[in-house]
Amino acid sequence: MTTMESLIGLVNRIQRACTVLGDYGGGDNDFSSLWETLPSVAVVGGQSSGKSSVLESIVGRDFLPRGSGIVTRRPLVLQLHKTEEGSQEYAEFLHLPRRRFTDFGAVRHEIQEETERITGKTKQISPVPIHLSIYSPNVVNLTLIDLPGLTKVAVEGQSESVVQDIEAMVRSYVEKPNCIILAISPANQDIATSDAIKLSREVDPSGDRTFGVLTKLDLMDKGTNALDVLEGRSYRLVHPWVGIVNRSQADINKNVEMTVARRKEREYFASSPDYGHLASKMGSEYLAKLLSQHLESVIRARIPSITYSINKSIDELESEMDHLGRPIALDAGAQLYTVLEVCRAFERIFKEHLDGGRPGGDRIYGVFDNQLPAALRKLPFDRHLSIQNVKRVVTEADGYQPHLIAPEQGYRRLIDGALSYFRGPAEASVDAVHFVLKELVRKSIAETQELKRFPRLQADIAAAANEALERFRDEGKKTAVRLVDMESSYLTVEFFRKLPQEADVARNPGGNPQPTASTDRYGEGHFRRIGSNVSSYIGMVSDTLKNTIPKAVVYCQVREAKQSLLTRFYTQLGKKEAKQLSQMLDEDPALMGRREQCAKRLELYKAARDEIDSVSWTR
């Protein structure tokens with residue numbers, strides 16, 4: 001999976017986690033602010049503009065209710081999750097969390113049923129969204145929000161305020177700065193009358209968040225076309241217009257497969273005398289890729305704010321976890337024995353992950369074998385050792401007195417500057433291994449059956465282990481950076497003594513020194529040789545650090561994690577009173593429920609934070 005797919009897939013998972021957290025009873029306090037920072041795509045258009053067809057074309061499945069008048073009467077939050085090639089397609093509703101739909105006709109029926117559960121069988125609307133996730137190898141990672149179609153008059157069975165109610169509902173989504181607007185307009189109507197464009201222009205006057213989609217191109221009167229719109233002459237948008245050819249009503253009635261419809265769409269544009277030159281940038285498949293690419297750039301820009309919201313929620317949840325628990329009627333000795341046995345079970349599983357009995361420890365080797373060498377190769381030595389920079393550094397090192405034989409100070413400054421770049425990969429290697437160890441702690445806690453009964457003890461062990469890992473990371477960084485500093489503090493003199501000595505002067509038969517062009521210490525060749533010599537030395541140092549940094553990381557982090565992950569926790573445990581131990585093992589049903597809710601939130605947020613860290617490393 002590419003970095004782009006990882007980023008968008010990550011946001012999809014966080015958004016789904018946010019909706020799940022709402023059902024856990026968290027309300028708006030611990031997830032609404034996070035949701036606000038995550039981008040999504042809202043599909044906006046008038047009734048019968050082709051919104052449903054566009055969505056179904058992107059998904060590649062026929063799953064939305066159809067009919068005359070207003071069909072979409074509740075927002076549909078549709079999350080597309082790209083799965084492995086060859087895997088089965090299925091759908092899940094948030095209100096039916098343990099049921100998988102493989103029949104998309106049943107998905108359509110469930111949307112209708114769930115809509116009517118809130119609105120009844122009338123034409124009324126409701127702002128309460130339906131959450132649907134579709135898992136398929138044939139989609140791109142996207143979050144799409146299908147909104148009721150904009151209308152101008154109320155019909156029988158609707159309140160007089162329905163026109164304003166629908167517009168207010170749509171505005172509540174598209175006014176948010178994180179919302180990308182997919183404005184749907186039919187090509188067989190004048191673009192000047194487009195409800196979607198009118199609304200998007202009001203809420204997004206700069207046009208940065210608006211993508212225009214022109215549907216029903218094949219239904220235009222003969223002799224006419226929509227080139228003025230598609231090429232931006234009638235109404236220009238920041239992002240290019242995309243034309244779509246929807247399935248015909250006959251195809252819908254015959255249940256023509258979406259793959260066939262997509263092929264027909266491609267053939268239409270490829271063979272069209274009007275749109276043939278735009279064929280590569282038309283169609284539902286291109287639209288999905290375009291939205292996915294735009295989402296990736298938006299997400300990259302918002303990673304800091306997403307991380308801040310997640311960390312804030314984690315801090316609040318960990319604080320809540322610290323206050324949960326109540327005494328149980330057990331003597332202190334039995335309580336202490338139980339806690340120690342559970343901790344030993346956790347440590348055994350954690351060591352199995354590291355030593356190879358369980359998966360996960362091999363990712364540490366991947367840091368040393370792939371990520372560290374790749375980071376070293378990306379260091380900007382070409383820029384640092386360019387002729388211009390070498391000349392500048394050497395000249396500045398001379399001061400008012402030009403060097404006589406060799407620019408030693410210039411060499412040293414160039415080497416010091418180059419060596420400083422190694423700090424980044426050294427610290428990043430420590431952080432990457434720290435992330436793997438934290439993930440292994442999380443996995444080990446989840447896999448320790450004895451811990452499942454004690455949510456409070458899970459949190460205590462996780463906090464203690466993560467605190468220990470933080471100490472190991474700090475020591476690992478100190479040691480890894482110290483290795484770099486050691487290279488800076490004492491240069492390998494023998495390396496430079498073995499370099500060919502450059503003659504500064506050539507003596508004439510009379511013995512008088514005469515400078516030659518080949519030894520001009522201010523010539524380009526002279527600075528190129530200096531840069532080449534320094535580059536060779538830096539390469540030697542790079543090879544050394546590529547071997548020594550992993551040794552330092554393993555010694556300070558992995559080895560310590562295996563030997564003393566819970567050492568401090570055990571020391572503190574021995575000082576606890578019976579009441580404190582009882583709180584760790586509290587199994588009261590009401591408190592267990594609260595602890596489980598908190599633990600679920602905490603796990604989801606920590607998983608999201610760790611995934612962001614892992615994606616950031618690959619950027």
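This is a predicted model: local features need pLDDT of at least 70, side-chain atom pairs count only at pLDDT 80 or more; totals for chains, interfaces and linings use all residues.
Residues are numbered from 1 along each chain as its sequence is written, and side-chain values use heavy atoms, leaving out hydrogens and water.

**The whole protein**

You're looking at 22 helices and 11 strands; helices (H or I, at least four residues) and strands (E, at least two) are DSSP runs, numbered from the N terminus. Of the 619 residues, 50% are buried, meaning under 20% relative accessible area with a 1.4 Å probe, protein chains only. Take contacts (heavy atoms within 4.5 Å) between residues at least 6 apart in sequence: 80% of them join residues at least 24 apart.

**The cores**

A nonpolar core here is a set of buried Ala, Val, Leu, Ile, Met, Phe, Trp, Tyr and Cys residues joined through side-chain atoms within 4.5 Å. The largest one has 68 residues, and Phe422, Leu457, Ile461, Ile538, Leu565 and Phe569 touch the most other members. H19 supplies the largest share of this core, 12 residues. Apart from it sits another core of 49 residues, including Leu76, Ile111, Ile314 and Ile612. As for Leu457, its contacts beyond four places in sequence are Val339, Val342, Leu451, Phe569, Met584 and Leu585.

**Helix H12**

H12 covers residues 362–377 and reaches 22 Å from its first C-alpha to its last, close to the 22 Å expected at 1.5 Å a residue; that expected span is 1.5 Å times one less than the number of residues. There's a kink of about 30 degrees at Gln371, shortly before Pro373. The bend is the angle between axes fitted to the seven residues ending at a residue and the seven starting there. Pro373 is also one of the buried residues of H12, along with Ile364, Gly366, Val367, Phe368, Leu372 and Leu376. Their cover includes helices H11 (332–355), H16 (423–447) and H19 (524–564).

pLDDT is the predictor's confidence in each residue, from 0 to 100. The protein averages 81, and 84% of the residues score at least 70. Confidence is highest in H16, at a mean of 94, and lowest in strand S10 (residues 506–507), at 40.

| Stretch | pLDDT | Contacts beyond four places in sequence |
|---|---|---|
| residues 325–329 | under 50 | 18 contacts |
| residues 502–519 | under 50 | 19 contacts |
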